[in-house]
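Good morning, everyone. Let me put the model on the screen, and then we'll walk through it.

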Amino acid sequence: MGSSTSIHHHFAFQNAEKAFKAAILIQRWYRRYVARLEMRRQCTWSIFQSIEYAGQQDQVKLHDFFSYLMDHFTPDSHQEKEFLDRMFTEERFPQEAEMEKYSDYESIEVPDSYTGPHLSFPLLPDHATALVEAFRLKQQLHARYVLNLLYEARKHLAQLPNINRLSTCYSEEITVCGDLHGQLDDLIFIFYKNGLPSPERAYVFNGDFVDRGKDSIEILMVLFAFMLVYPKEFHLNRGNHEDHLMNLRYGFTKEVMQKYKVHGKKILRILQDVFCWLPLATLIDEKVLILHGGVSDRTDLELLAKLDRHKIVSTLRYKIRKENDRQTEEKRKAHQTSSAQTSTPWFLPQSRSPPSLPFHLGSDKAHKASLSSSVPCSALLEHTELAWLGRRSVDQELERCQQRASFPGIWEKEEPLPQTSEAHTVPGELPEPTLQEWRQVVDILWSDPMMQEGCKANTVRGGGCYFGPDVTEQLLQKYNLQFLIRSHECKPEGYEFCHNRKVLTIFSASNYYEVGSNRGAYVKLGPSLSPYIVQYQANKATHMLTMRQRISRVEESALRALREKLFAHSSDLLDEFKKHDADKTGLITLTDWAAAVESVLHLGLPWRMLRPQLVNSSMNNTLEYRSWLKDLAKEQLSRENIQSSLLETLYRNRSNLETIFRIIDSDHSGFISLDEFRQTWKLFSSHMNIDITDDCICDLARSIDFNKDGHIDINEFLEAFRLVEQSSSEGQAADCPQSTNANDNGCSSSGAP
Amino acid sequence: MSSTFRTHFPTLGNTVVARPVLTDEALDLLYHQNFTKKIKEAFEVFDHESKNTVDVREIGTIIRSLGCCPSEGELHDLLAEEGCEVWWMSVSLPLSKRFVEELEPTGYIRYEKFLPVMTKVLLERRYRPIPEDVLLQAFEVLDSAKCGFLTKEELIKHMTEEGDPISQEEMEEMLSAAIHPHSNSINYKEYITMMLIDEN
């Protein structure tokens with residue numbers, strides 16, 4: 001008995017010990033498995049982010065292109081003059097009279113056949129709710145109601161202050177949502193899960209409602225409707241995408257034109273103004289500051305509260321009113337000696353090397369100085385600051401060129417500008433936005449937090465800054481705040497705390513890069529102001545997948561985008577590879593491959609880790625680079641009659657191309673003439689040093705099935721080369737012979753990413 | 001300094017072939033260099049600020065993705081060796097899977113410190129991954145009925161209550177991939193095979 005029990009115990013103990021050890025073994029193995037997945041997930045994330053931000057840098061480069069254009073393009077003919085006019089008619093400030101014309105909705109009749117939602121004003125809560133439901137059922141709101149709603153929204157927004165205040169005394173619960181980027185499903189989900197807005201349920205939407213996703217206009221309609229119905233409890237902040245220039249590139253303009261073929265232009269015009277009227281920030285209980293991007297070390301809430309936000313049309317271009325332009329222009333002309341000098345004025349960036357501009361922005365003298373051509377000498381400018389300054393002078397150049405375009409040969413005279421009639425001062429108008437004010441707004445709409453202390457220019461985005469925990473602390477103390485809520489950056493979990501929990505990033509567009517890429521989240525605040533976060537992922541399909549499957553799927557999408565980018569730089573890559581292959585063996589080591597790829601693409605990605613998925617065959621640690629590049633091309637080429645180098649060029653520049661097309665197509669008809677297309681291409685290729693002949697491009701253009709009347713359907717052109725996703729699947733089958741099912745990633749202007 | 005090469009002359013029929021062969025020293029150096037690149041890249045993936053530091057909570061992920069398979073205890077010891085005070089539980093979970101509300105220690109590991117430690121780990125081939133057959137045996141030990149299956153409850157119990165317990169969330173993940181929807185049990189042989197496919 002005794003002995004058998006002890007033996008029994010002994011065995012039992014041994015078994016338990018074995019089981020314990022076995023468990024440890026399995027856990028070890030499993031943890032390694034999870035770590036590898038995590039590494040893959042992180043790499044995938046890096047790919048998407050680096051491609052996204054590279055796209056935004058592109059935007060900066062595009063503006064450099066326009067400034068180059070201003071310098072070097074002298075219209076020789078009436079056609080070219082018209083061309084220039086068309087390019088830049090977008091840049092005019094909308095005046096009150098014009099606004100009335102654009103918001104004239106009453107003349108628009110709603111046919112009996114219309115089955116979508118009807119709106120009547122003043123709006124009632126039921127209308128807003130009905131709107132959500134209608135959109136959920138994929139109905140489209142008639143243009144008349146869109147315009148009417150926008151008109152009312154604009155009226156309402158115009159009387160709001162720059163910084164709105166909310167109190168938890170009145171609304172017990174305040175829900176703050178981040179970027180939605182046209183993803184209506186997420187908005188509907190939020191209302192479903194959290195409840196519709198009401199006097200007891202306040203909402204703040206923190207910018208970036210539009211672009212990228214496919215239902216931006218519907219989101220705006222819903223948000224504006226609730227804003228009109230619950231003006232005290234429903235608040236919107238402006239994001240960097242509430243900007244007509246951004247919309248040209250990132251898809252909102254295109255969406256509106258596709259959905260509203262007849263009235264789209266009107267809608268876009270009034271939207272441009274509505275965006276300028278969006279408030280800049282929201283303050284809860286004087287303790288929690290909500291704004292879209294972030295802050296900088298010079299953020300001045302008092303200045304932000306005072307400035308005239310309506311004058312800040314776009315954070316991408318610093319515009320001042322025509323009047324001042326004219327004054328400055330006259331001044332400059334007066335100062336100018338014999339003007340054989342057609343070289344770049346000193347205040348424009350001469351080339352890529354940062355010139356020694358004697359200018360210290362932020363000083364009081366600065367904004368006065370910016371309005372005249374004589375400048376006090378001070379410190380050197382940072383390169384990005386210079387770029388912004390350059391942009392500001394681009395507008396002056398713009399004026400100059402427009403003048404020359406309109407009055408060839410007589411630009412020396414003090415001819416009044418065609419737009420003079422519009423440049424009258426309205427009594428009681430606030431002062432112009434100064435450079436300093438403009439920068440304040442850029443900072444709050446574009447900045448990102450960083451872990452390091454300090455404040456430095458945000459070179460990745462090309463605007464705003466990176467701000468450290470000390471900057472946050474300084475600001476919170478200065479204005480006696482508890483913490484900051486911002487958005488602007490996609491986070492895998494939909495939210496992220498940083499700076500010792502003093503900064504909360506909230507991002508509400510789930511599956512932003514790809515189905516399964518990230519969750520969305522919103523945050524609720526009660527009287528205690530402690531944040532309560534709710535996460536979600538608005539796609540049933542992903543719930544069924546295991547983590548491994550989800551990561552694989554997103555990874556595949558990222559890799560596809562990356563391969564496309566690699567293809568787009570084939571020529572440069574070949575050159576770089578050749579440098580590593582002095583003996584002309586046709587082979588390079590994988591290490592050299594990684595170095596070469598990084599030096600061409602500048603994406604900062606872990607190439608060695610990604611290599612197994614990007615390079616299929618390598619023997620002895622070496623790669624036959626020519627055949628690798630060929631394989632890349634094979635994947636991308638959909639048509640045999642296109643030279644791969646041409647396609648490569650198109651790919652690389654497609655976002656810019658599309659943006660330019662949309663600017664040229666100023667009446668938003670979707671068509672540009674073959675001539676305009678040729679001219680654009682000519683300019684573009686000379687600036688970008690692209691080695692493609694005009695004939696080649698023209699042949700290409702003609703090879704697409706146009707109606708042969710000399711006009712190009714922009715969308716057809718871009719789609720034909722898989723440069724953008726096919727037109728929306730909702731019933732509009734693109735008439736394109738080469739339908740593809742490619743997911744267009746990266747800098748694409750439409751679709752999910 | 002001894003030369004790094006010595007030549008070896010095998011005879012191949014009538015031909016004499018001179019073929020350079022690397023000494024152990026040279027081999028070590030070569031591996032060393034390769035290790036450095038690998039380690040650097042893995043480190044940089046988590047160095048979000050490009051400051052040559054990573055959050056200490058990501059170290060487990062980095063070490064594991066470099067091919068090592070330490071247990072939680074071993075990981076803790078390794079870090080303790082290097083003078084890093086960490087809660088041993090928090091090291092294993094990837095940052096993205098943690099509830100931020102938990103009280104967590106903060107700490108950073110610098111690349112300069114990490115590199116020599118990790119190089120040593122790789123050179124010494126510490127924390128080698130587990131061969132498939134050993135893994136299978138481990139499962140078999142837990143399979144008291146010896147039927148080739150583990151019930152969901154059994155697996156949960158062993159994984160979350162013994163050894164280095166894994167979290168609820170990780171358990172759910174493991175189950176989602178492993179479990180047979182109909183029988184609610186885990187055919188561990190199949191499971192292992194499926195998971196190892198990813199291990200290329």
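Let's start with R519(A). R519(A) sits in the loop that links β12 (503-506) and β13 (520-525) of chain A. Keep in mind that this is a predicted model.

What does R519(A) touch, beyond its neighbours within four places in sequence? The contacts are K491(A), P492(A), E493(A) and G494(A), then F507(A) and S510(A), and finally Q535(A), Y536(A) and Q537(A).

Now a helix pair. Helix α5 (residues 143-158) packs with helix α10 (residues 264-277), both in chain A. The angle is about 20°, and the axes lie 9 Å apart. Under 35 degrees counts as roughly parallel, so α5(A) and α10(A) are roughly parallel to each other. The crossing of α5(A) past α10(A) is left-handed.

Who makes the contact? From α5(A), the residues include V146(A), L147(A), L150(A) and R154(A). From α10(A), they include I267(A), I270(A), D273(A) and W277(A). By class, that contact has twelve nonpolar residues, three charged and no polar.

Last, the whole chain. Chain A has 26 helices and 18 strands. It has 753 residues, and 60% of them count as buried. Among contacts with a separation of 6 or more, 74% join residues 24 or more positions apart. The accessible surface is about 31,300 Å², with 51% belonging to carbon and sulfur atoms.

Terms used. Residues are numbered from 1 along each chain as its sequence is written. Chains are lettered from A and ligands numbered from 1 in the order in which they are written. This is a predicted model: local features need pLDDT of at least 70, side-chain atom pairs count only at pLDDT 80 or more; totals for chains, interfaces and linings use all residues. Side-chain values use heavy atoms; hydrogens and water are left out. Axes are lines fitted to C-alpha atoms, for helices over the stretch in contact, and angles run from 0 to 180 degrees between N-to-C directions. Helices (H or I, at least four residues) and strands (E, at least two) are DSSP runs, numbered from the N terminus. Angles under 35 degrees count as roughly parallel, over 145 as roughly antiparallel, 65 to 115 as roughly perpendicular and the rest as oblique. A crossing is left-handed if the near helix is turned anticlockwise from the far one by less than a right angle, and right-handed if clockwise. Contact means heavy atoms within 4.5 Å. Ala, Val, Leu, Ile, Met, Phe, Trp, Tyr, Cys and Pro count as nonpolar, Asp, Glu, Lys and Arg as charged, and the others, Gly among them, as polar. Buried means under 20% relative accessible area, exposed over 50%, partly exposed in between (1.4 Å probe, protein chains only). Accessible areas come from the Shrake-Rupley method with a 1.4 Å probe; for residues, only the protein chains shown count as cover.
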